[in-house]
Amino acid sequence: MRPTRQSQGYMLLEATVAILVLGIVSLAIHGATRQAIQSRAQAQDFTHAAFLMEDYLSTLELNKQVATGEWEGTFEGHTNRFSYVCTIRPAYIPSIVVNTSDDPAQPIYHEESYPADSSFMLHVALTARWTRGEIPFEETIETLLPPTQLYIPSDVAAPVEVGNE
């Protein structure tokens, strides 16, 4: 039995719809695969940056003394894609005032401006920066170091006065 002209038109329409559905599914799979590859590369970059920053902070922690300030550069021994900004500053610890009176309106904790001789720690903030596909990325890690690691330059010796002998 020979197909009628009307059934041949339906077969062409079915084939066209099937090809259209196949094309849409293919585009969706391609987009999902592309996104997965991009996410994997970004995760790899974040992991690499975390390892570089941990290595840098470990070096700082092993140093006997560090100076306060801010400096930047690129991580040694790696591509120039990863750069850093390191900031070290004192982080003053607020003093606690104990409420010795019976008045509950008196403050228990009192924070004032911190004098230079108050207790502190060194706050280290390390920011790594890089780009992937012309998109900039940035990750920051922070830690505290003991104040014994603060480098304080020794005073220059006072000039010796030559007196009359």
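Predicted model: local features only at pLDDT ≥ 70, side-chain atom pairs only at ≥ 80, totals over all residues.
Side-chain values use heavy atoms, with hydrogens and water left out.

The protein has one helix and four strands, where helices (H or I, at least four residues) and strands (E, at least two) are DSSP runs numbered from the N terminus, and along the sequence they follow the pattern α-β-β-β-β. The strands form an open sheet in the order E1-E2-E3-E4 with antiparallel pairing, two strands being paired if DSSP finds at least two bridges between them. At the edges sit strand E1 (69-74) and strand E4 (135-145), each of which pairs on one side only.

Let me turn to the rings. The structure holds eight aromatic pairs, counted when rings of Phe, Tyr and Trp (its six-membered ring) have centres within 6.5 Å, with planes under 30 degrees apart called stacked, over 60 edge-to-face and the rest tilted. For Phe46 and Trp130 the centres are 5.0 Å apart and the planes stand at 80°, so this pair is edge-to-face. Because Phe46 lies in helix H1 and Trp130 in strand E3, the pair ties together parts that are 84 residues apart in sequence. As for cover, Trp130 is buried at 3% relative accessibility, while Phe46 is partly exposed at 29%; buried means under 20% relative accessible area, exposed over 50%, and partly exposed in between (1.4 Å probe, protein chains only). Phe75 and Tyr84 make a tilted pair, 5.1 Å centre to centre with 45° between the planes, and both of these residues are buried.

Now the charges. Where a salt bridge is a side-chain nitrogen of Lys or Arg within 4 Å of a carboxyl oxygen of Asp or Glu, the count comes to three. Asp45 pairs with Arg81, the closest N and O atoms being 2.7 Å apart, and since Asp45 lies in helix H1 and Arg81 in the loop between E1 and strand E2 (83-92), this contact ties together parts 36 residues apart in sequence. Asp45 also pairs with Arg132, at 2.6 Å between the closest N and O atoms; here strand E3 meets helix H1, so the parts tied together are 87 residues apart in sequence. Asp45 itself is buried, with a relative accessible area of 4%, whereas Arg81 is partly exposed at 31% and Arg132 is partly exposed at 29%. The remaining salt bridge joins Glu138 to Arg129, with the closest N and O atoms 2.8 Å apart. Through shared partners, Asp45, Arg81 and Arg132 are joined into one network.

I would like to end on a backbone detail. Glu134, in the loop between E3 and E4, has a phi near 65°, a positive value in a residue other than glycine. Most residues other than glycine have a negative phi. Glu134 is also exposed, with a relative accessible area of 79%.

Terms used
Residues numbered from 1 in each chain as written.
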